Amino acid sequence: NSWFLVRRASRRGGMSNPLGTAYGLSSSPRHATNMAMRRAACSVAHLTLVLLAAVELPFGFAKTHNSEERAVECWRPTFLTRATLPVLASASHCREVCRQTAGCSFFAPEGFRCDSFSSCGQKREVAGLGPSGLGELLPRALQPLGEAPHRCAWDGERWGARRLGLARRALTLHGGGELQRLLIEGGLDFAHSSEFGDCPVGGVTLRLLHVWAVASYHHGALPPVGLSTNLAFAFESPELPFIAELSLVLDVEWARLLESPWGGLFFGALARVSEGLCQRLASTNQVPCAAAEGAGGDGCDLAAVAAELGAEGGRPSEETLRRARSRVTSQKCTPGRQLGELLRAPGAAQLFRQLALSAGAPPPDAASEVDGADGEVLGWSPDDVVEPRSIGAVAVREEVVAEGLAAIGLAASLRRPAPGAGGGTRPTALELLVFVERLKGPRHVSGFFNEVTENRCEMDMAAHFHQVFCVISPAEPGPDFDPIVVAAHMTSGLLVHPPFGPAAWSCPLPQDSGVNASNPMTVEVLDPTIWEMPLMMEVRPLPSKDLGEKVAFAACPQPLYRLESHAELVKDWIAYHRRLGIERWTLYDLDGSGAAAGLGGEPGVELVTRFPEELGSERLQAGNAWNPICLEAIAQTQCFWKYRGRAKWVTTLHSFDEFVVSARHRFDALSVFNSSVLSSDRQVAVVRLPAVNYGGQPSQGSTSEAPLVQRFRQHDGRLYWHIVFANPDVVLSVNTTNARVGWPFRHLSYWEPEALRVNHYVDALGARGGPRVAAQFRHGEPARSMAAWAGEWLAELRDKRRALALARVDRLALPLAVLGRHAALGGFGESFGEGASEGPLGDLDTAVAEANASLSPVARVVLGLSGEAEVRRVEEALASAFRAADLDADAALGPGELRALALPEGWEAQLRRRDLHALGIYLHAWLAEDLDWLAARLLEALDVAPCDGAISLEEWSRGILRLCLKREVLAAASLFAGRIASMDGFGG
């Protein structure tokens with residue numbers, strides 16, 4: 001961690017930049033430096049610190065930096081945590097860390113470290129050297145916090161009473177879903193906050209409620225192995241010992257702890273998670289609580305302690321409480337000093353329940369009202385000023401724990417609170433969107449997500465319970481500037497339906513911090529007790545060219561791929577919704593195909609290309625290869641954040657097979673929606689819209705060249721919630737079909753399908769299930785439906801684009817047939833909307849290079865344009881698909897197996913074929929074009945001599961490549977034939 005000294009000194013001028021260059025060190029946001037070089041620098045810096053610390057220091061004492069309090073001599077202090085900061089630790093820094101550590105009463109700055117302690121012995125112990133040797137016989141200089149560990153400033157506030165009432169109600173709930181809703185709707189959806197320093201026992205209680213809510217909610221509905229709905233899996237994580245929470249139990253007088261009503265709720269929450277943890281262990285055939293290591297035996301029977309407390313009736317006396325705590329602390333219930341050990345001890349739930357009842361906390365089945373519900377609002381306001389900020393890259397990644405964790409910075413914004421209505425009590429805040437990934441997969445057997453249910457692109461679940469701090473300074477600090485260290489407000493990203501995307505962290509900027517929020521600043525975020533390195537970002541205001549008045553509507557679709565194969569559908573989609581009023585689009589592609597589809601230079605369209613590579617994570621790239629929609633939550637949440645301060649409403653319109661439709665208002669749909677719904681209640685920040693699926697047999701007389709709205713006019717008659725329009729200024733995260741917003745903003749489900757809905761053309765790329773599924777689409781549209789008023793307009797646009805494509809053929813050279821087709825249809829950034837016009841082409845070399853890059857992997861292979869690695873990848877993917885379809889393992893695909901492979905039925909089966917889609921192979925679409933619902937003609941095309949009615953692996957692989965080449969050549973030939981047909985006369 002002494003790497004921080006080298007980097008900080010280099011940035012501040014205390015050490016020459018050539019030293020940083022020599023070690024390969026960089027302060028740029030991309031952090032492209034080699035990790036081995038960094039740790040070599042750490043060794044040098046660490047040696048320097050050791051030598052400096054040894055100078056002029058009395059034996060047994062540690063020199064402090066910028067001491068603000070008079071140190072006291074402590075004998076055998078009770079150690080809590082060691083926090084390592086990316087700056088030299090001052091007394092003010094360590095004081096803030098101590099305030100945020102429950103149970104902390106003393107602290108000691110030393111170099112980059114802040115050590116926190118719960119107690120300080122005032123006289124020499126004479127029981128011998130002990131395990132720590134001579135150090136136990138020498139005092140240590142510690143600085144007192146000067147605040148009681150059981151303090152709670154919330155008790156005297158109206159909003160504190162409201163929180164207390166919500167927490168009381170939480171303890172009466174049983175279902176995880178109910179608790180989840182209570183925490184979100186009540187504004188208690190944060191697991192760490194700078195406010196916790198004012199009431200550590202209240203903050204700890206909220207963290208425990210989050211552990212309980214997440215465990216019971218996400219494993220309660222569909223338990224994978226018969227788990228109870230009362231779980232406490234966070235205590236199984238070796239990196240989360242919950243030492244501070246344990247300190248409140250062992251090191252703070254219970255009588256003092258129970259002076260605040262939060263003390264009773266704290267013990268009540270401990271009782272709930274203890275019950276849940278023990279039920280979990282029993283239901284999964286693991287070591288039960290009574291037999292857990294460290295629990296039971298040697299007199300660790302907490303049930304007896306609970307009985308002693310209950311014998312007095314009412315609240316026990318201080319002497320009884322002191323005696324009971326002494327029995328708990330003297331017993332061997334926590335040999336590893338982890339709260340999970342105490343929770344497993346026999347009778348732990350009984351003891352905590354008895355303490356909670358003696359403090360007046362509600363029993364599990366009691367009803368509870370929310371006190372102070374109309375108190376002061378500390379949440380966000382519609383009048384807050386939210387300003388977008390740039391982090392200088394699509395993503396900034398840092399490996400924060402070597403070979404363990406990496407943090408990825410995705411977006412930033414600045415929130416200036418509105419005056420009045422509670423806003424005056426909130427500081428300006430720098431808000432960050434961060435994703436933390438576990439580099440080696442989950443370590444938990446069944447807690448969090450296990451190996452069976454793991455989503456490979458989800459944020460590490462334990463990271464939501466880290467305690468993150470922000471270290472903030474101006475981008476160009478003066479030589480005497482002391483960076484501010486503040487606790488981050490961490491909104492839990494686990495109180496939503498999975499998949500779990502990135503987390504929203506907020507860094508408050510005190511007015512006296514010396515940091516001008518309008519200027520560029522450097523922020524380093526880290527959990528100083530767990531992370532080895534901080535995630536550092538240079539946060540800057542957006543360039544003036546990217547600012548301006550907020551647009552009314554923008555769109556953030558899911559990440560897309562192979563767009564060059566569906567360029568016409570994409571262009572129809574954007575042109576139609578642009579006419580409705582969506583002015584800005586941010587499109588993420590997974591494979592670089594966005595430019596090939598002609599999207600790169602389109603006005604109002606921002607293209608984020610090759611998104612998996614931009615994230616810089618091998619694990620996330622592997623997750624994307626596993627499932628191309630794996631990165632959806634990350635991309636869409638980042639997209640919404642990038643529209644903060646730039647758009648009033650953003651929609652999650654997922655893909656080019658979805659159209660926002662109003663049978664009542666047609667092209668005026670969004671204008672009417674904005675004035676009648678979106679502007680009616682400023683507290684509504686998310687509006688959900690229903691969708692209906694269209695598909696089945698194409699409409700009579702339509703062709704594959706017709707717009708989707710003309711090709712499919714039959715729907716299944718079933719409406720379901722599908723997309724949202726949301727205010728990006730208050731969106732925390734986006735999750736497939738919903739968005740989560742900051743408190744006190746609300747959701748609205750808008751159920752007026754004739755006024756506004758989504759038509760989802762599910763068979764846009766081919767039938768998803770053959771004739772049986774196609775029969776579900778039996779409800780027809782009226783004559784003057786969308787197919788008429790929108791379809792005719794889109795068809796005219798297609799004709800215009802087609803004419804421009806034919807004009808480009810003359811300038812691309814006929815010998816480049818297949819490459820020419822891809823380049824011509826790509827358009828290289830030319831407009832495809834109503835303002836489409838012919839523009840300059842550029843040189844032929846560039847056209848060929850861009851067209852080659854746009855080809856699908858399988859097209860490059862069959863044309864001989866790919867490298868060995870890509871050839872192997874295509875061959876392996878084809879072989880893998882073959883083996884997965886060979887259900888009887890006879891090394892051949894029969895007619896039924898081939899049909900199941902080519903025409904998968906159901907969403908799950910469709911997802912399993914994303915491996916072929918990513919290569920550019922769409923068997924279900926090809927068969928749909930030929931109406932080959934039994935895959936009979938496909939079997940005939942693949943089954944070469946000897947024709948035996950089954951397909952071998954070699955026949956499959958070679959045959960698919962042969963069909964792909966044929967399709968590419970025919971498509972190019974069709975384009976050139978159209979060009980020839982358009983020529984006047986023949987032969988001059």
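**A pair of packed helices**

Begin by selecting helices α11 and α14, where α11 passes α14 in a left-handed crossing; bear in mind throughout that this is a predicted model. Helix α11 covers residues 302-311 and helix α14 covers residues 348-358, and the two pack at an angle of about 20 degrees with their axes 7 Å apart. Because angles under 35 degrees count as roughly parallel, α11 is roughly parallel to α14.

Next, show the side chains in this contact, which α11 makes through Leu302, Ala303, Val305, Ala306, Leu309 and Gly310, and α14 through Ala348, Gln350, Leu351, Gln354 and Leu355. Of the residues in the contact of α11 with α14, eight are nonpolar and three are polar, with no charged residue present.

**The nonpolar cores**

Now select Ile472, Trp505, Val523, Ile921 and Trp956, the residues with the most contacts inside the largest nonpolar core, which has 124 residues. Strand β8, residues 405-416, gives the most to this core, contributing seven residues. If you then centre on Trp505 and set aside its neighbours within four places in sequence, you will find it in contact with residues including Leu430, Met459, His489, Val525 and Trp531. Apart from this core lies another, of 74 residues, among them Ala170, Ala255, Ala269 and Leu270.

Finally, select Thr529, in the loop between β14 (521-526) and β15 (535-541). Thr529 is partly exposed, with a relative accessible area of 43%. Not counting residues up to four places away in sequence, Thr529 touches Thr81, Arg82 and Ala83; Thr529 and Arg82 are 447 residues apart in sequence, yet 5.8 Å apart in space, C-alpha to C-alpha.

Note on methods: Residues are numbered from 1 along each chain as its sequence is written. This is a predicted model: local features need pLDDT of at least 70, side-chain atom pairs count only at pLDDT 80 or more; totals for chains, interfaces and linings use all residues. Side-chain values use heavy atoms; hydrogens and water are left out. Axes are lines fitted to C-alpha atoms, for helices over the stretch in contact, and angles run from 0 to 180 degrees between N-to-C directions. Helices (H or I, at least four residues) and strands (E, at least two) are DSSP runs, numbered from the N terminus. Angles under 35 degrees count as roughly parallel, over 145 as roughly antiparallel, 65 to 115 as roughly perpendicular and the rest as oblique. A crossing is left-handed if the near helix is turned anticlockwise from the far one by less than a right angle, and right-handed if clockwise. Contact means heavy atoms within 4.5 Å. Ala, Val, Leu, Ile, Met, Phe, Trp, Tyr, Cys and Pro count as nonpolar, Asp, Glu, Lys and Arg as charged, and the others, Gly among them, as polar. A nonpolar core is a set of buried Ala, Val, Leu, Ile, Met, Phe, Trp, Tyr and Cys residues joined through side-chain atoms within 4.5 Å. Buried means under 20% relative accessible area, exposed over 50%, partly exposed in between (1.4 Å probe, protein chains only).
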